[in-house]
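Hello,

Here is the structure I promised to pass on. My notes follow below it.

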Amino acid sequence: MDRRFEALDQKVDRHLFWLVGIQVAVLVAIVGTLVGSYYK
């Protein structure tokens, strides 16, 4: 039972890592676009 929870926990951690990474990438892209359009 414990092993199953550990595997699930690792899977959730990996998914959370990817979600946060994608959100940060999107935020950087949006900020970059705004800054780029501001300085045109």
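First, a term: rings of Phe, Tyr and Trp (its six-membered ring) pair if their centres lie within 6.5 Å; planes under 30 degrees apart count as stacked, over 60 as edge-to-face and the rest as tilted. The whole structure has 1 aromatic pair. The ring centres of Y38 and Y39 are 5.2 Å apart and the planes meet at 85 degrees, so this pair is edge-to-face.

Please note that this is a predicted model: local features need pLDDT of at least 70, side-chain atom pairs count only at pLDDT 80 or more, and totals for chains, interfaces and linings use all residues. Residues are numbered from 1 along each chain as its sequence is written, and side-chain values use heavy atoms, with hydrogens and water left out.

Now the fold. The chain has 1 helix and 0 strands. Both are DSSP runs, numbered from the N terminus (helices: H or I, at least four residues; strands: E, at least two). The C-alpha trace spans about 60 × 5 × 5 Å along its principal axes.

Next, burial. Buried means under 20% relative accessible area, exposed over 50%, and partly exposed in between (1.4 Å probe, protein chains only). Of the 40 residues in the chain, 0% are buried. Y38 and Y39 are both exposed. D9, found in helix 1 (residues 2-38), has 47% relative accessibility, so D9 counts as partly exposed.

Best wishes
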